[in-house]
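Subject: A structure for you to look through

Hi there,

Here is the structure I promised you. Please open it beside this email and follow along as you read.

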Amino acid sequence: MKAVVYETFTGKPDIRTVPDPELSPEGVIIKVEATGVCRSDWHGWMGHDSSIELPHVPGHEFAGIVQEVGRDTRGFNVGDRVTVPFISACGSCPDCHSGNHQVCATQTQPGFTHWGSFAEYVALHNADVNLVHLPETLDFATAASLGCRFVTSFRAVVDQGRVSAGQWVAVHGCGGVGLSAIMIANAIGASVIAVDIAEDKLELARSVGAGWTINASKTPDVAEAILEISKGGAHVSLDALGHPVTCVNSVKCLRRLGRHIQVGLLLADHANTALPMDRVIGLELEIIGSHGMQAHRYDAMLNMIQSGKLAPEKLIGERISLAESIPALTGMDQFGLSGVTVVTDFS
């Protein structure tokens, strides 16, 4: 099959012909029809994820068609239109039995623990636990854009943040995760404040539901600006970027009993970011991590999409070829692209 491969961390990937993935008894092989280019893939390419073994094929946000089915797979057939969470759970540990597949201790992740979806085909393990049937009305590019950023934001806003109508929500960083969170919080009925350093991203944030925007490059104190707009602080604030500045601002902009949700990855030199714990204690704030979403929660999100309450297709910025995914991946630290970039051409 054709795939994007890198031999060394930070080394330039190239497109080459590699062996097709192997089918496991409980898994499936998926023909990739679309795959997102995500900042998590960039972190992997940078060497920030210890699970990656070289040489490596990145990619974890994808949708496609079931090509082969393992002998122990029961719920899916060849030809099914499917997508997956970026975390593949084992389905048999205590966390999985409690429904918390997103923190499975023996999880696998296409694009990290094994080769991913910047390729014509990808293998998925434990398909009956991790695979999701796609509605016929949902196109592959939109389905792929859900795979990490949108579903992560859905769980962060709905399950972890417990956002409700009338609350104030601040979103720091208007990339794919942030824009998804803005759209979802707005659909619930929250008042949303978006923060970024780029005017084009703030404009896109307004178009998907942000009622107020703050340009952090022009605002001396972002947290204070949010406290003033919301007349006391956000009920829920999300760091959707993953940077010490956005993380601290997210905590500092909360009102009493508020909830900070850390969605953006804090890795490498940022892994031990210091927080204003005096404020956390004094205001009884909650600090909550959010990491993906379980396959069994997709129905709630898909129902909102099919009803028209959510329109994730609006978040797609560019549709590119597999060859174009290379500069898109290696240049992600430049924050140049607005919206979600999706590979739809594998020729």
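Helices (H or I, at least four residues) and strands (E, at least two) are DSSP runs, numbered from the N terminus. Glu199, for instance, is found in helix 6.

Two notes on how to read the rest. This is a predicted model, in which local features need pLDDT of at least 70 and side-chain atom pairs count only at pLDDT 80 or more, while totals for chains, interfaces and linings use all residues. Residues are numbered from 1 along each chain as its sequence is written, and side-chain values use heavy atoms, with hydrogens and water left out.

Let's stay with Glu199. Buried means under 20% relative accessible area, exposed means over 50%, and partly exposed lies in between (1.4 Å probe, protein chains only). With a relative accessible area of 39%, Glu199 is partly exposed. A contact means heavy atoms within 4.5 Å. Not counting residues up to four places away in sequence, Glu199 touches Arg206, Asn215 and Lys218. Asn215 is 16 residues from Glu199 along the chain, and their C-alpha atoms are separated by 7.1 Å.

Now for the inside. A nonpolar core is a set of buried Ala, Val, Leu, Ile, Met, Phe, Trp, Tyr and Cys residues joined through side-chain atoms within 4.5 Å. The largest such core has 51 residues, and Ile182, Leu238 and Met301 have the most contacts inside it. Among the elements that each supply at least two residues of this core are helix 4 (140-160), helix 5 (176-188), strand 11 (234-239) and helix 10 (298-306). Helix 4 gives the most, with ten residues. There is also a second, separate core of 33 residues, which includes Ala3, Phe76, Val122 and Val343.

Which residues does Leu238 contact, leaving aside its neighbours within four places in sequence? They are Ala156, Val157, Val169, Ala170, Val171, His172, Ala181, Ser250, Ile261 and Val263.

Ser153 lies in helix 4. Its relative accessible area is 1%, so Ser153 is buried. Beyond its neighbours within four places in sequence, Ser153 is in contact with Val177, Ser180, Ala181 and Ile184.

Next, look at helix 1. Six of the eight residues of helix 1 (residues 39-46) are buried, so this helix is largely enclosed by the rest of the structure. The buried ones are Ser40, Asp41, Trp42, His43, Gly44 and Trp45. They pack against strand 3 (28-37), helix 4 and helix 11 (325-330). After helix 1 comes Gly47, with a positive phi near 95°.

The loop between helix 1 and strand 4 (62-69) holds Pro55. A cis peptide bond joins Leu54 and Pro55, with omega about -5°.

Arg162 has a positive phi of about 55° although it is not a glycine, and Arg162 sits in the loop between helix 4 and strand 8 (168-172). Ala268 has a positive phi near 55° and is found in the loop between strand 12 (254-262) and helix 9. Arg162 is partly exposed at 40% relative accessible area, and Ala268 is partly exposed at 48% relative accessibility.

What about the cysteines? A disulfide is counted here as a pair of cysteine sulfur atoms within 2.5 Å. By this rule the count comes to zero disulfides. For Cys90, the nearest cysteine sulfur is that of Cys104, 3.6 Å away. The closest cysteine sulfur to that of Cys96 is in Cys93, at 3.6 Å, which is too far for a bond. Cys90 counts as buried at 18% relative accessibility, and Cys96 counts as buried at 5%.

Finally, have a look at Leu283, in the loop between helix 9 (277-282) and strand 13 (286-289). At 14% relative accessibility, Leu283 counts as buried. Not counting residues up to four places away in sequence, Leu283 touches Leu254, Arg256 and Leu257. Ser347 is 64 residues from Leu283 along the chain, and the C-alpha atoms of the two are separated by 55 Å.

Happy exploring, and write back with any questions!

Best wishes
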